[in-house]
Amino acid sequence: MCEQDESVPCPRGGLCFADGCRRVDYVLVYHCKRRHSQSRHSIISNGNLPSLSPTPSRRNTQPELAEVELEAGLASGPGEGEKALIREEFERGLQEEGLEIERDKETVRFTRLHVPWSVLSREAELLKIKVPTKRVSFTQKTGLAGAISSLWEKLNQPFQPGVPEPQNPLSLFCMEYFLFSPHILHNLKIFFDVFSYNFVYLYFCVNLPLKVLEILRRTACTQTCQTMGITSLLAKGVYDSAFPLHDVSYDKEHRNDRQMLHEEWANYGVFFKYQPADLIRKYFGEKIGLYFAWLGVYTQLLIPASAMGIVVFLYGWLTVDTNVPSQEMCDERLNFTMCPLCDRVCDYWQLSSMCSTARASYLFDNHATVAFAIFMSLWAAVFLEHWKRRQRCLQHRWDLTDMEEEEVGTLFTTTHNLPIASESLTWKDRLPGYCVNVSSILLMVGVTFSAVFGVILYRIIVFAVMSMNPDHEAKANVRVTVTTTAVIINLLVVLVLDEIYGAVAVWITELEIPRTEAAFEEHLILKAFLLKSMNAFAPVFYVAFFKGRFAGRPGDYVYVFKDFRMEECAPAGCLIEVCIQLGMIMLGKQLIQNNVFEIAIPKLKKMYRTYKEEKEGGEKKKSKDPNRPRHRWDLDYELEPYEGLSPEYMEMIIQYGFVTLFVASFPLAPVFALLNNVIEIRLDAAKFVTEIRRPDAVRAKEIGIWYNILSGISKFAVITNAFVISFTSEFIPRMVYQYLYSDTGTMHGFTDHTLAYFNTSNFKPGTAPNSTRFDRELRICRYKDYRDPPWSPESYQLSKQYWSVLAARLAFVIFFQNLAMFLSMLVAWLIPDVPRSLKERVKREKVLLLDLLLSEEAEKQRQDTCWHLFIKKKKNSCT
């Protein structure tokens, strides 16, 4: 029989105990061999099943262990028996905490937990949870200032459909807070108004999984094993999984929360709408709510970056016909005969054959690129500051401002049965783990560099082999073919190593034996980011900063394995190759990871798991009643387990690196990131709502270490973009030529100025072309470099122009970095971390709280005075 304060009707879908009244707030799952069909439900706790006792002399004090021995015939060994004892003690501890338990007899056993209202109130008092007391109207601003303020609030805190509390803080109400206490609990309906009472009741109900999880984590098993909490039991295999149920809806006046999320959030038809951040937080907890709020802010601010990138691209496309260097490269009348690209089998070639490459390079390498790089540096600073403001608003609205920074999960236990970390472990105990960490990371760095070097060898060898083709058309497209295939190989290597590095990061972090789960997560994130970012960015770094730098010159080339020449950049520069490399890896990772890793692979895993269970079940599954309704816990157990937010964050952080680190070479990166994120938000939403088990509602004050990683990437992006513009693009050489060496002050003659001369008689023996379609009496060929001609006293030495360009490049790097850093710091200083409206609201709430306390104190003194007068009057009447 349900108590009066728990008489909320049970939702549909099997979310109740067998009595149809008490709600299922949490589920523990473990496997056990099943005997012949028995009664479906066996209710334990609160008088319906014999209580569990640790006394070993009591007869049949271990029903679960006895059942295991009878069913399995001791085939499972002492391990299963020990797990049964641990479960017995653990569930007894849960009962002592006040939880109510129900189990059933199946092959897959579900231990269902219910938290009474008395336990909830006790936990609320221990956690010092604040609840609203009354609402106070604001004064709506009018005029132009009011319109601007209202618009700004809508942009930062938009209306979110389906959320019970209003979202516009300017026109509706604010709430005062007090600490939850037992004497208020007894008079809850009298003390609060109707809205506040519903809010308080709803607040505790939607945070049930969090309260249960806190009890599960602090319940210890000291007699059967030295284990603390459900995390250790899951690691030891005592329980297979533990999770809250989906579709926990307690408010009959609104739609089911999961249904609302599916309609208003996990739906591609609402991609143009704001995310219901408060509803996400209400259903999944603050940690997941902050992730999707951050992702929404990031996606929203990608809109101006995308618009600017499109403007830069259109500028290059509209002015490409007026670009003098590309016109000179396309002019066949200039007759620039270039030196062979490989030894023996490669022939001389005309510079005009690279016309399309030069024109394509100018689309991304023009004067607007520098302005766009500076803009993106400011954009990164604005993004970080805007997120800090948004995070402060969410902290206040979700009551996270005064939340104490506590480490989640107490002690950490690995899944490989390593010892539990504790304060007794010294640096000598952890030293082997640290040594393995360093050596493993160095090994992974070596693997990444080996993969990059392998692709370099592929490019060199395939280029030489394809150059032997007698077909002239095939020879003309050899550079494009080699670049495209090499980028595809790089992409596949990056995707494979990403999965390997994720497992390696977990392994080497466990060897550290971190003290708590929070420390484990932080160390794991740092290692995974280091390995995965290095894996993703290493091919781009090679093309941007190393390709063609150490190739040598005709007659004195650098060779790999004594036979293969190092590859060179195209005469138009390596920037177009950086653009191709960055674009294909970025788009490939997004498309393949989104469509294959996040959609196809989970579905294949689910199909395989279903097939395996059906195969293992055999005839027992056929003997089940097909008309028996499937409960919510059965359906949720078939979903994929929740694996945390780290993969979601990591995917977006790597994308943020692509958008900021090399944006000077690929201005359209923000556009593709924006398109991807619009889909990614709804894809992740559908996954959280329908594809995975409901995560635990973990409280979090901020996004944690991810903000520090974002800040580091933003600062490092200033350096990389400065070097890309200076050393990879042709911006600095063009400026130096125009203002120092051009006779007319224009770009005419720039192509001839950047090409050095080589005497074909100076080829080393066996390296000259075996056959040529050019004149065999050809004596001079050209190559891309700043060197003295062969007829000068210092032939083939670096010329004065080279040192002038190098000095200008270094000077630009210093100027660009200081300018971008200064502007970023200026933006951070001009934008306050806390919005003015939030400051005013906090001040107003403090004043209202003080007024409330003073009024209550005055009322108390008035009642005391009236009581004393009443007593005095009674005494006088008696005399």
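I looked up helix 28 and found Val805, Arg809, Phe812, Val813, Phe816, Ala820, Ser824 and Val827 buried (under 20% relative accessible area; exposed is over 50%, partly exposed in between; 1.4 Å probe, protein chains only). The model is predicted: local features need pLDDT of at least 70, side-chain atom pairs count only at pLDDT 80 or more, and totals for chains, interfaces and linings use all residues. Residues are numbered from 1 along each chain as its sequence is written, and side-chain values use heavy atoms, with hydrogens and water left out.

**Helix 28.** I checked its span. Helix 28 has 31 residues and reaches 45 Å from first C-alpha to last, close to the 45 Å expected at 1.5 Å a residue (1.5 Å times one less than the number of residues). Helices (H or I, at least four residues) and strands (E, at least two) are DSSP runs, numbered from the N terminus. The cover over the buried residues of helix 28 includes helix 15 (367-397), helix 25 and helix 26 (731-741).

**Second largest pocket.** Next I looked up its volume, about 850 Å³. Its lining has 36 residues, and Gly548, Arg549, Lys784, Asp785 and Tyr786 are the closest to the centre. Helix 28 gives the most to this lining, with 4 residues. Strand 12 (552-553), helix 25 (705-728) and strand 17 (780-784) are among the elements that each supply at least two. By class I noted 20 nonpolar, 5 polar and 11 charged residues.
A pocket here is an open set of points on a 1 Å grid over the protein atoms alone, where a 1.4 Å probe fits, with protein on both sides within 12 Å along at least five of seven lines; lining residues have an atom within 4 Å of a point.

**Cores.** The largest nonpolar core has 112 residues, and Trp294 and Tyr298 touch the most other members. A core joins buried Ala, Val, Leu, Ile, Met, Phe, Trp, Tyr and Cys through side-chain atoms within 4.5 Å. I then listed contacts (heavy atoms within 4.5 Å) of Trp294. Leaving out residues up to four places away in sequence, Trp294 touches Phe383, Trp387, Tyr649, Met652, Ile653, Ile703 and Leu710.

**Positive phi.** Most residues other than glycine have a negative phi. Asn335 has a positive one, about 55 degrees. Asn335 sits in the loop between helix 13 (324-330) and strand 10 (337-338) and is partly exposed, at 48% relative accessible area. Tyr796 has a positive phi near 65 degrees. Tyr796 is in the loop between strand 17 and helix 28, and counts as buried at 8%.

Definitions and conventions. Points joined across faces, edges and corners; volume = space filled by probe spheres on them. Nonpolar A, V, L, I, M, F, W, Y, C, P; charged D, E, K, R; others polar.
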